[in-house]
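Subject: The structure we talked about

Hi,

Here is the structure I promised to send over. Have a look at it first, and then read on for my notes.

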Amino acid sequence: MLGISTLRAGLLGLLCLTLASVLAAQEPRPTAAHGLALYGEPALPADFSHFGYVNPNAPRGGSLTRAAVGDSFDSTNPFILRGTPAAGLGQTYDSLTTANPDEPFSVYGLIAESLTLDPERRWIEYQLRPEARFHDGEPITAEDVAFSFTLLMEEGTPSYRSYYAEVSGVEVLDSHRVRFTFVENASRELPLIIGELPILPKHYWEPRDFSRPDLAPHPGSGPYRIARVDPGRRIVYERVEGYWGAGLPVNRGRHNIDRLVYDYFRDRDIAMEAFKAGLLDLRIDARAATWATGYDFPAYRDGSVRRLTIPDGTPATLQGYVFNLRQARFQDPRVREALSLTFDFPWLNANLFYDSYARTQSAFQNSELAADGLPSAAELALLEPLREHLDPRVFSEPMPLAEPEALRERLRRAHDLLLEAGYVYRDRRLVHGESGEPLRLEMLLFDTGMERVAQPMLRNMARLGVETSIRIVDVNQYLNRLRSFDFDMVTAQFPQSNNPGNEQRSYWTSEAAEIPLARNLMGLADPAVDALVEGLIRAESREALIAYTRALDRVLRLSFAVIPHYHSGETRLALWDKFGHPDPFPRYGNDFAAWWVDPARDAEITRRQRGR
C-alpha cells in the first residue's frame, strides 16, 4: 500500500509532466521552409519555377572568353591562403542555398531541399537533396557538409573564421540532415550566410593536403568543371553534362553557356587590343578614358561590338587607398587626414575620367545606409556611449565632411594638420619634430593602370614635403607583401550589400587587423568601430540596421584610414554582339549565369571575325 507522501509525489510528477506537455504544445514548432529572408518572408513561393529575371527557355551552347588581368595563377584551390587562385573557380562549387539577386537578401535551397530555423534562432537545419552529386558521381551527404565547415574553419583563409565566428558547432543528424548551432541568437544574418558555405567532397580531400596550392582539377558539385589549365595563362571551364541541379528552380534558365574561358593579361591595354581583335568576347570596362574614346574601331562602327550599362542596385563598392596603420607614422589621424586632402578628385575627373565619376564619400555610397547630415536621434543613442573614443566631429559635423575644393586651400589645410601632428621643416625637409624622421610613403601597386591615378596625389604630397615613391610588382610578390604587412599604402576594395552583416568584421574590426589578407588591410583597431560592427550584426530590425550602419559610417569617415576614390553607379560592359541577357537585369546586381549565346548571332560574329 502506497503512503500518502509517495502518492503526493506521484501526483505532483504527473502534474509536472502534463504541464510540460501543455507548454510544449503552445511553443511554436519549427517548420521546414523552401527559403529564408533577412526580414519578413521570401518573395517567391515554395512552388516557384524560376527566378523572375531569367529566360527559362534560353538556348544552350557557345562559349564566353574573358580577360583576367594579372600576372598569372598557380592554384585551383580558392579557399586557402597560399597561392594565387585562378579566376572563375567559384562556378565549380555549389552551396547549400543561393541568393536571388532580384531581392535585397533572400536565399533559396540549392543543395538543401529545405531549411528549418529554430524559432529562437539558435540553430538551423538543412535537409539535403538526395539527388545532389559531386562531379565524380559521389552523393553529397551531411558528412560532406560538416567536413567542409570544419576544414574551411581550420585550414581555409582567415575570412571563414571571422565570417562564421558565431557558429558553435555542426552536427550530422542523419545521412542527409545537418544542423548548425549558434553561440547566440543575436545575428539575424547568420542563418542565411551559413547557406553560402561551399560544399567540398570529404572522400576526395580527407586523404589530401588541403593547404598546399596546386593546379589539379579538384571535383566540386557546381554547373561547371575545369576542362583545361594552361598554367599562368589560361583556364577553361566546361558545363557539366548531366549536372544534377540543372532542373532546380534556382538554376532554370541559368548556366547556359557551354564553355567559359579566362585568358590572363598583365596589361589592360593589351587586353583591350585582344578584345578589339575578337580574341575576347566581353569586357567590363572600368576605365573612363577607354569608355569615352576607345571604341572607334570597325567592329563597333558596324554593330558587331556593342556597349551597355547596368545600373547598380547595391551600394557602390568603396575603393580607395588605405594606410598601413601598423606603421607608427600613420597612427596619428591628423597625418592621415592631411594626406587624404592631397587626393584632387576634381582634377582627376576632368583630366583623366571625362567627368564620368562622382567622388565616393561613404563606405555605403548610393544607399540609404550612408550617413548624411547630422546624426539622427537613433544614431546619437548609439554614438554617445562611445564618445571617449570618437572624434568630436562625429557629433557636430554634418556628412559629407566639408573640405576645401581648391587644391591650394586643401594643401594649406593639410600643411596645418601636419604641423599640429608635430612635423616641422628642417633644411627644406618635412620631419617629425621629436624623432627627426622624415614622413615617407611608398605606394605599392600591381596594376600599371593605377599609376596615372596615384601619381598626381603623390606629387601633391611631395609639395608638402612628404617623400613619396611608387613600386609596381607582380601579383605574387604583391600578395606576399600584403601577407607580411610590408607596405605603406595600397589600393583596397570593400564591396557592400544592402544588408551589411558579418563581413563587416573582416573589413574594419580589431579582430581582423592582424589576420593576413583579411579585408582590414589597413589594420584598423578601434573599440568604437568594434562595438558598432557588433551592434550592426545583431540589429533586430531594418531601422536598427540603418541606424548602426550610418553611425559606423560616420566613425569610419573620420578615422581617415581610407582615402576614397570614385564611383559611377553603373557597370559598363562591352561585348561582341552574340549574347542574350536578362532584360531588365535583376535589381541588385548582374547575373552572368543568366546570359546565353544566340546561335544565329554567334555564327554571324564568327564569320566576321574569321574574315578580318
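Below are my notes, going from the whole chain to a few individual places.

Before anything else, please keep in mind that this is a predicted model.

**The chain as a whole**

The chain is built from 19 helices and 26 strands. For its 612 residues, a compact globule would have a radius of gyration near 25 Å, and the chain has 27 Å, which agrees. Along the principal axes, the C-alpha atoms fill a box of roughly 105 × 70 × 45 Å.

Buried residues account for 53% of the 612. Among the contacts with a separation of 6 or more, 73% are between residues 24 or more positions apart.

**Backbone features to check**

Most peptide bonds are trans, and most residues other than glycine have a negative phi.

- The peptide bond from Met399 to Pro400 is cis, with omega near 0 degrees. Pro400 is in the loop between helix H12 (393-396) and helix H13 (407-420).
- The peptide bond from Asp583 to Pro584 is cis as well, with omega near 5 degrees. You will find Pro584 in the loop between strand E25 (579-580) and strand E26 (596-597).
- Tyr354 has a positive phi, near 55 degrees. This tyrosine lies in the loop between helix H10 (345-351) and strand E16 (358-359), and at 46% relative accessibility Tyr354 counts as partly exposed.
- Asp355 has a positive phi too, near 55 degrees. Asp355 lies in the loop between H10 and E16, and with 56% relative accessibility Asp355 counts as exposed.

**Helix H17 and what covers it**

Which residues of helix H17 (residues 527-537) are buried? They are Ala528, Val529, Leu532, Val533, Gly535, Leu536 and Ile537. An α-helix has 3.6 residues a turn, so residues three or four places apart point the same way. You can follow that idea along the list when you turn the helix on screen. The cover over these buried residues includes helix H11 (377-383), helix H16 (503-508) and helix H18 (542-557). At the N-terminal end, Asp526 caps H17, with a side-chain oxygen 2.8 Å from the backbone nitrogen of Ala528.

Ser497 lies in the loop between strand E21 (489-494) and H16. With a relative accessible area of 30%, Ser497 is partly exposed. Ser497 and Pro315 are 182 residues apart in sequence, and their C-alpha atoms are 6.1 Å apart in space. Not counting residues up to four places away in sequence, Ser497 touches Pro315 and Leu369. A polar atom of the Ser497 side chain also lies 3.0 Å from the backbone nitrogen of Asn499.

**Val229, on a strand**

The last stop is Val229, in strand E10 (residues 224-230). Val229 counts as partly exposed, at 25% relative accessibility. Apart from neighbours within four places in sequence, its contacts are Phe73, Thr76, Leu215, Arg234 and Ile235. What is the C-alpha separation of Val229 and Thr317, which are 88 residues apart along the chain? It comes to 31 Å.

Best wishes

Terms used: Residues numbered from 1 in each chain as written. Predicted model: local features only at pLDDT ≥ 70, side-chain atom pairs only at ≥ 80, totals over all residues. Heavy atoms only, no water. Helix = DSSP H or I, 4+ residues; strand = E, 2+ residues; numbered from the N terminus. Rg over C-alpha atoms; globule rule 2.2 N^0.38 Å. Buried < 20%, exposed > 50% of the residue type's maximum accessible area, 1.4 Å probe, protein only. Contact = heavy atoms within 4.5 Å. Polar contact = N/O pair within 3.5 Å; in protein donor to acceptor, adjacent residues only side chain to side chain.
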